[in-house]
Amino acid sequence: MKKRQIIILALCTVIVLLIAGIAFMVYTNNKKDPAPAESSTQTTMPPTAVTSALESSSLPTTAETPTPTLKPTATPTATATPTPTPAVADGTYQAYITGVSTIPPDANNLGTVTIRLAPIFGGAEAIARAKADGHPEIIEVDENGVEYIADDYYISDADQTLHILPVSTGSSIRIFPPEGLNDAAEDFCVDGTLSDLAAHVTEYQRYATVTVKNGSVSSVVETLLP
């Protein structure tokens with residue numbers, strides 16, 4: 001009986017050792033070959049593979065890179081041509097000369113004058129025109145109730161249009177002499193040049209009789225007011 005117990009104990013020992021050996025082998029194998037954390041489809045690509053993938057992708061190459069759109073440069077605008085002044089028909093006019101240029105516009109003219117038409121009126125016509133132009137304040141009434149204007153003349157300022165007219169090469173320029181009126185002449189003037197007239201106009205606008213012929217000024221005579 002004692003011998004039989006020894007045999008059973010030996011067999012149990014062997015079985016325990018076998019089980020322990022198998023468990024150790026399984027543990028060792030699991031430690032050497034751990035299960036991958038992620039699926040094989042998520043395996044990290046090597047650097048060379050990444051480079052190849054980028055080169056074969058649909059990203060635009062250097063030649064396909066769009067060129068930045070630049071704002072167009074503003075095209076210089078040509079200087080606007082001044083609107084021609086209204087033409088003055090041939091004839092003789094009373095006018096203020098407001099400017100003079102001695103630069104010839106062409107071979108047939110000496111320069112240009114800028115004028116504002118300003119007709120002069122006297123007597124009853126002066127009173128009527130002053131009222132029509134909106135200047136009743138210059139009209140006075142005498143002791144008999146008769147209307148009158150001092151010095152008995154009125155120069156209309158209704159037309160403020162400025163006309164630039166060429167002055168022909170053969171024009172006559174008559175101006176008041178610097179030393180005083182020329183009593184020897186009916187118009188109290190002396191012969192002058194366009195430059196002389198320009199110098200006079202720089203002092204103040206000159207009232208004159210202007211004659212236009214063939215579209216150019218043929219005569220300018222400074223006019224002595226009453």
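Is Thr-114 buried or exposed? In this predicted model, Thr-114 has a relative accessible area of 16%. The cut-off for a buried residue is under 20%, so Thr-114 counts as buried.

The surroundings of Thr-114 can be listed. The residue belongs to strand β2, which runs over residues 109–117. Apart from neighbours within four places in sequence, Thr-114 is in contact with Tyr-96, Ile-97, Thr-98 and Gly-99, and also with Leu-162, His-163 and Ile-164.

Next comes helix α3, residues 123–132. Its buried residues are Ala-126, Ile-127 and Ala-130. Viewed down the axis of α3, these buried residues fall within an arc of 100 degrees, so they line one face of the helix. The spacing follows a general rule. An α-helix has 3.6 residues a turn, so residues three or four places apart point the same way.

On the face of α3 turned away from the buried side sit the exposed residues Ala-124 and Ala-132. After α3 comes Gly-134, which has a positive phi near 85 degrees.

Last, the aromatic rings. The structure holds 1 aromatic pair. A charged side chain also meets a ring: Arg-206 lies over the face of Tyr-204, at 4.0 Å from the ring centre.

Technical notes
Residues are numbered from 1 along each chain as its sequence is written. This is a predicted model: local features need pLDDT of at least 70, side-chain atom pairs count only at pLDDT 80 or more; totals for chains, interfaces and linings use all residues. Side-chain values use heavy atoms; hydrogens and water are left out. Buried means under 20% relative accessible area, exposed over 50%, partly exposed in between (1.4 Å probe, protein chains only). Helices (H or I, at least four residues) and strands (E, at least two) are DSSP runs, numbered from the N terminus. The arc is that of the directions from the helix axis to the C-beta atoms. Contact means heavy atoms within 4.5 Å. Rings of Phe, Tyr and Trp (its six-membered ring) pair if their centres lie within 6.5 Å; planes under 30 degrees apart count as stacked, over 60 as edge-to-face and the rest as tilted. A charge sits over a ring if NZ of Lys or CZ of Arg is within 6 Å of the ring centre and within 35 degrees of the ring normal.
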